[in-house]
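Work through these exercises with the model open beside you. Try each task before reading its solution.

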Amino acid sequence: MPQTLSRASQMALELDQVTPPSLTHDIVRWISQEYHDMNGSSIQTLESPPTAAEFAQLVHISRPVVIKGFRIPALKRWTDDYLQTNLQDQPISVAITPNGQADAIAAGPGGRLFFVEPFIEKVSIEKFLEQLNAEQDNDNLSASYLRSQNGNIYSSRFFELPNDDSSEFGALREDVPSNIPWVTEALGRNPDAVNLWIGNSKSITSIHSDPYENIYTVIRGSKHFTLLPPCEGWCLQERMYPHAVYGYTDNSNDLSVVPSSDTPQVRWSSVINPDLPGSLPPEAHPLHVTLEAGDTLYLPVGWWHYVQQSGPTTIALNWWYDAEVRGMNWIWLSLLRGSGDVPSGNDETNTR
């Protein structure tokens, strides 16, 4: 039975189909430095949501922006008691990993490196919240993270056949708008997915880029983003990795890496933690931004991001809008990402 790939894996495979010629290392470094010289390291903050025309300009500039004042019902309502009362015993899909890193590089059988997806467990919201609290200060426990990325609040199907778009979180939909008016008007389309994220300080999103215009709002807790522009993808040393999933084997209570037998290799960054000294070359210009409850980040298509969080329970929502593939923007993004023969991650012994 073929493995079911997560959205992150599917996107990585789709991008691998684009094979433009490679830019020379010197040209890529020059582009990176020129971009930094012209734009600096600051991130714009808006004190209120933009109009559709203003947001269209932000998309044209294609730099991250923090937006204040985007108010939705979830911000005031989503206490633990509220979530448990509304979801009751509804089973929800939770990602389980040994260390909080799902869709990330990890060592597996024989010491080989794999792109590993999480084990998925179905639990009630009450049990999930209990797990988050128990795991927070116990390094011996595995890490739970609600991050299914499949439009777990609304999928694109909702806009075609609303009654056929079932969701584990249907009871929370009245607290979450299905689209953001100033984004939908500016882009001329509805979101492809609206996702709910719930985790704790163990939950980490490995560095990657998405083919989406992303609107990311924190409901509770804090999120910490490390960002790099598309022109610095060369700093992240992408490699090809065999696919695997975490699973329980041989009656063990410990998760282990289980290689997939019929899933294509995945192209992924070999940089495990870009915040560690020496993980990135000195020419890299990472940006750092922290979002608190009520803050929203516009993250443009193609921007690389590594995400951590703090607090025993951090909750966020995001709206993914498909990128515009007409014109030159998508071609430039593909060219900057590089192509050709991406080396195997198992030809080298070091990941950063």
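A nonpolar core is a set of buried Ala, Val, Leu, Ile, Met, Phe, Trp, Tyr and Cys residues joined through side-chain atoms within 4.5 Å. Buried means under 20% relative accessible area, exposed over 50%, and partly exposed in between, with a 1.4 Å probe and protein chains only. The model is predicted: local features need pLDDT of at least 70, side-chain atom pairs count only at pLDDT 80 or more, and totals for chains, interfaces and linings use all residues. Residues are numbered from 1 along each chain as its sequence is written, and side-chain values use heavy atoms, with hydrogens and water left out.

**Exercise 1.** Find which residues touch the most other members of the largest nonpolar core.

Solution. Start with the core itself: it has 49 residues. Phe55, Trp78, Phe128, Leu196, Leu317 and Trp319 touch the most other members. Then look for a second core. A separate one has 16 residues, including Val66, Leu227, Leu299 and Ala316.

**Exercise 2.** Determine the strand order of the open sheet of three strands, and say which strands stand at the edges.

Solution. Helices (H or I, at least four residues) and strands (E, at least two) are DSSP runs, numbered from the N terminus. Two strands pair if DSSP finds at least two bridges between them. The order is E7-E3-E8, with antiparallel pairing. E7 (119-123) and E8 (143-145) each have a single partner strand, so one side of each lacks a neighbour in the sheet. The twist averages 40 degrees from one strand to the next. Axes are lines fitted to C-alpha atoms, for helices over the stretch in contact; angles run from 0 to 180 degrees between N-to-C directions.

Now check one pair. E3 (residues 92-97) and E8 share three bridges. Thr97 has Ala143 of E8 as its bridge partner. Contact means heavy atoms within 4.5 Å.

**Exercise 3.** Work out how the axes of H5 and H6 cross, and list the contact residues.

Solution. The axes of H5 (residues 80-87) and H6 come within 9 Å and cross at roughly 150 degrees. H5 is therefore roughly antiparallel to H6. The cut-offs: under 35 degrees is roughly parallel, over 145 roughly antiparallel, 65 to 115 roughly perpendicular, the rest oblique. H5 contributes Asp80, Leu83, Gln84 and Leu87; H6 contributes Ile125, Glu126 and Leu129.
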